[in-house]
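Welcome! Please take a moment to look over the sequence and the model before reading on.

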Amino acid sequence: MGKIEMYKKHFATDAISGFVVFLIALPLCLGISMASGAPLFSGIIAGIIGGIVVGFLSNSNVNVSGPAASVALVILTAIQTLGSFDAVLIAIVVAGVFQIILGYLKAGTIAYFFPNAMIKGILASIGLILILKQIPHAFGIDGVFDGSESFLNNAGGNTFSEIAKIFGYINWGAVIVTVVSLILILVWERPVLKKMMFFKYFPSALAAVVVSILLNEVFVASYPEFALGKGHLVELPVASNASEFFSFFNFPDFGQLANFEIYGIALSIMFIASLESLLSTEAGDKLDPYKRRTSTNRELKAQGIGNIVAGLVGGLPITAVIVRTSANVDAGGRTKTATITHGVVMLLCVALIPFILNKIPLAALAAVLFVVGSKLTSFSIYKSVYKQGKKQFLPFIITILVVMFTDLISGILIGGTVAVFFILRDNYKNAYLYDKITRDDKDHIIVKLAQETSFLNKADIMLFLDHIPENESVTIDGSEAKFIHPDIYDIIDAFKINAKTKNIELELINLDDRSKSESFWRDPQHNPKSE
């Protein structure tokens with residue numbers, strides 16, 4: 001199926017999915033603005049640009065970009081350091097330039113080295129975080145930072161302390177909205193109903209939002225004790241005219257380009273935004289039902305252009321975001337139409353009908369995210385990874401725990417380190433094949449070096465050779481090795497001398513040609529290029 005046919009086939013479901021993602025992204029954009037200490041509208045600007053600009057330039061089919069909680073602390077600190085948000089905007093522009101440079105340097109290929117166990121762990125942890133973070137909203141606790149992926153929050157609390165608040169106060173109106181929304185979504189998704197045209201194209205999340213608005217209006221009119229007011233509803237800035245709307249935009253202070261602190265902040269933004277974007281792209285490709293591959297280098301360039309545009313008009317930094325990407329796939333998004341639609345709808349709605357959006361209960365959105373989160377962290381995922389053995393399960397579960405109790409970036413770094421440890425350990429153990437045969441009524445040791453014998457194998461080979469007893473007969477065979485690190489040749493040279501002192505009869509096969517230590521770099525198979 002060609003691209004045009006794909007866009008035509010999924011246009012209706014993609015457009016609806018874009019609207020559903022917009023409903024979920026809206027409170028997240030506002031919450032991240034609050035956590036960053038930036039103007040409230042800056043998160044909305046980033047969401048619009050992430051949808052339209054990045055969505056158009058990227059070749060990812062399911063990624064949704066926008067402001068990310070992982071960069072919130074950097075922006076908060078930067079505003080305090082530089083003294084104004086206008087100065088921070090210049091750092092965002094510079095970070096975008098750095099990302100474009102990374103794209104041209106083909107740094108995006110690092111995404112292909114993220115271990116699968118870590119990526120599955122990230123997705124499962126995001127699912128758990130979505131569920132835990134939305135519990136306060138489901139019970140009507142206001143003042144919760146929407147979109148945070150960190151265990152700790154700015155107020156000194158944490159995920160569990162926020163949940164504990166529900167025992168001191170429960171808003172039964174919010175509970176009713178949550179329960180009704182959940183039941184509606186679960187019933188709506190039943191295969192029997194999905195066979196009907198209306199239920200197929202009208203998403204369950206949108207149905208839950210519409211019903212929740214109507215339900216709260218009934219509360220306001222007839223049951224005021226259950227009515228949800230400010231703090232429990234979406235809170236979007238409302239402009240009385242076009243002039244006031246455009247006043248929500250901020251513009252960078254170009255005079256700050258001479259301030260060297262700008263460039264340090266820009267590097268921090270670039271590193272975090274690029275790392276999260278690459279991880280989200282890899283995770284998005286795994287969620288994609290068609291399993292299409294995204295050019296990570298092009299993704300870096302698209303994110304860089306998006307951040308330049310965001311910085312120029314007053315937006316927060318942009319990254320590809322797993323939460324919105326998974327919600328997009330779950331809602332039926334299959335092409336870029338969905339993410340672009342989410343950006344267009346956000347622009348139109350905040351400009352034209354913000355007063356209607358401000359009627360959406362956060363409890364209804366919590367119900368939507370409960371369903372999205374449960375699919376990301378389903379029991380079947382844990383079971384399947386467990387069956388793959390501890391080398392896969394340990395990095396998977398450690399990634400989940402680190403993300404749960406710290407933040408996403410820490411989970412990427414620590415989970416990736418654990419996964420790489422197992423890879424290096426296996427590489428260490430597989431340096432050579434050892435056999436002992438009888439030749440001329442005498443025991444003979446044969447050591448066959450692996451195809452790629454790197455410096456990581458030094459210790460294993462050195463210890464083995466050192467423990468060969470005196471008067472033995474030994475053959476070291478390098479005929480199957482395509483690459484032998486120079487350090488391994490040095491170990492063998494030292495053993496040749498030591499073998500004489502221990503009366504060891506030594507035979508070397510295909511170990512005279514040192515060009516094997518250089519062939520690794522000439523072999524194009526070991527220099528993969530990005531798409």
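Predicted model: local features only at pLDDT ≥ 70, side-chain atom pairs only at ≥ 80, totals over all residues.

The report below goes from the whole chain to a few local features.

## The chain as a whole

The protein chain holds 23 helices and eight strands. Its C-alpha trace spans about 100 × 60 × 50 Å along the principal axes.

Of the 531 residues in the protein chain, 53% are buried.

Let us begin with a pair of helices, α14 (residues 322–331) and α17 (residues 362–376). Their axes come within 10 Å and cross at roughly 95 degrees. An angle from 65 to 115 degrees counts as roughly perpendicular, so that is how α14 and α17 are described.

Which residues of α14 and α17 make the contact? On the α14 side they are S326, A327 and D330, while α17 brings V372, K375 and L376. Sorted by class, the contact of α14 with α17 has three nonpolar, one polar and two charged residues.

## Aromatic pairs

How many aromatic pairs does a search of the whole structure find? The search gives 19. One of these is formed by W188 and F198, whose ring centres are 5.8 Å apart. The planes of W188 and F198 have 55 degrees between them, and the pair is tilted.

W188 belongs to helix α7 (residues 172–188) and F198 to helix α9 (residues 197–201), with the two residues ten apart. Is W188 buried or exposed? W188 has a relative accessible area of 10%, so it counts as buried. F198, in turn, is partly exposed, with a relative accessible area of 49%.

Elsewhere, ring pairs join several phenylalanines into a cluster: F41, F245, F246, F248 and F249.

## Charges over rings

K301 lies over the face of Y104, 4.0 Å from the ring centre. For K336, the charged end sits over the ring of F56, at 5.9 Å from the centre of that ring.

## Backbone angles to look at

Most residues other than glycine have a negative phi.

K291 is not a glycine, yet its phi is positive, at about 55 degrees. Where is K291 found? Look in the loop between α12 (261–287) and α13 (296–313). K291 has 52% relative accessibility and therefore counts as exposed.

N471 is also a residue other than glycine with a positive phi, near 65 degrees. Its place is the loop between α21 (458–466) and β6 (473–477). With a relative accessible area of 44%, N471 is partly exposed.

## A phenylalanine in a loop

A last stop is F167, in the loop between α6 (159–164) and α7. Is F167 buried or exposed? Its relative accessible area is 73%, so F167 is exposed.

F167 and F139 are 28 residues apart in sequence, and their C-alpha atoms are 9.5 Å apart in space.

Conventions
Residues numbered from 1 in each chain as written. Heavy atoms only, no water. Axes fitted to C-alpha atoms, helices over the stretch in contact; angles between N-to-C directions. Helix = DSSP H or I, 4+ residues; strand = E, 2+ residues; numbered from the N terminus. Parallel < 35°, antiparallel > 145°, perpendicular 65-115°, else oblique. Contact = heavy atoms within 4.5 Å. Nonpolar A, V, L, I, M, F, W, Y, C, P; charged D, E, K, R; others polar. Phe/Tyr/Trp six-rings, centres within 6.5 Å; stacked < 30°, edge-to-face > 60°. Buried < 20%, exposed > 50% of the residue type's maximum accessible area, 1.4 Å probe, protein only. Lys NZ or Arg CZ within 6 Å of the ring centre and 35° of its normal.
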